[in-house]
Amino acid sequence: MLEIQKRLSAYNFSSRNGSSIKYLVLHYTGNKGDTANDNATYFGGGNRNASAHYFIDDNEIVQVVEESNSAWAVGDGAGEYGITNRNSISIEMCCNSDGEVSEKTEANALELVKSLMDKYNIATTNVVRHYDASRKICPNWSSNNWDRWVNFKKKLGDSTIVENIVVTKPTTSVTDYSKYANYVGNRCKELQTLLIALGYKCGGYGADGKFGKGTYDSLIQFQKDYGLKVDGLAGTNTFDKLYELIASKNSSYKVKITASVLNVRKGAGTNYSIATTVKKNEVYTIVEEKNGWGRLKSGAGWISLSYTIRI
Ligand SMILES: [Zn+2]
């Protein structure tokens, strides 16, 4: 295995508060042509509301956060699937110029994972993706029914993983979209407009009001991404979720912190525990308000808006 280069950040971590390390979580950076060192510089340079323990590229493994501390990498799952920042070590794989994890980077990650499994007595079943913690498509190896992930697990000797058990792509080979088109009826264009506003492509024709493969695929992906029933039928729950996301997208704004140090709490109130802190003059995006508190876009938690100015 490559020697670990330590470039510990003074920012972007918290205490494990007594939690033991139970999971190793794999990520990809999603950048194009970044290096482990680039990331160490970035996460060492200030509060980023995010981090990982390790960054790996073709040539280096760079450690940014001590294993004894929590990195900020899987907080978006809020522990829903049992994997938290406090009970995991996060490993980010850098990407090549196409934004993909190279074979070499993957091989380096595999070596690090093996050594950490040994060190903390972690079973292969607890080597997981960011996806397993929050359903975020990370590492972005989902395009072929997670085959690449399945292979990665097999290389670790995981005998429990079943080929393609985690299916994120529609398995149906739908060619006749009339059922779906009839179901959405005159709301098809509305559906497409909403999906497109949220970054789903709906094929190459934009919001043309015709329900075809592009719209179907985008709708299926949207339903998967947000934990809705994956049926390709745009019902009330799907529309409600679309409007909820659009509303939060439109109502976001930026604030600058005015207190010297401000607690970020897990909920909107001082009765919630502290997730992290932010500092004076830092700028954050607020995506939701509740009782004078604002939820940070990063997912880190809530801050009291009394100690901020809107910019
Ligand atoms: Zn990730």
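Mentor: F55 stands opposite V62 in β5. That pair belongs to β4 (residues 54–56) and β5 (residues 61–63), antiparallel strands joined by three bridges; strands count as paired if DSSP finds at least two bridges between them. This is a predicted model, in which local features need pLDDT of at least 70, side-chain atom pairs count only at pLDDT 80 or more, and totals for chains, interfaces and linings use all residues. Residues are numbered from 1 along each chain as its sequence is written. Strands (E, at least two residues) and helices (H or I, at least four) are DSSP runs, numbered from the N terminus.

The open sheet has six strands in the order β1-β5-β4-β7-β3-β8, with mixed pairing. β1 (4–6) and β8 (127–129) are at the edges with a single partner strand each, so one side of each has no neighbour in the sheet. On average, neighbouring strands of this sheet are turned by 25° against each other, direction ignored. Helix α2 (residues 103–120) packs on the sheet and touches β3, β4, β5, β7 (88–93) and β8, a contact being two C-beta atoms, placed from the backbone, within 7 Å. The direction of α2 makes about 165° with that of β7; axes are lines fitted to C-alpha atoms, for helices over the stretch in contact, and angles run from 0 to 180 degrees between N-to-C directions.

S20 lies in the loop between β2 (13–15) and β3 (23–28). S20 counts as exposed because it has 8 C-beta neighbours inside 10 Å, the cut-off for exposed being 12 or fewer. From S20 to S88 the C-alpha distance is 8.1 Å, across 68 residues of sequence.

Key
A residue is buried if 20 or more other C-beta atoms lie within 10 Å of its own, exposed if 12 or fewer, and partly exposed in between; C-beta atoms are placed from the backbone.
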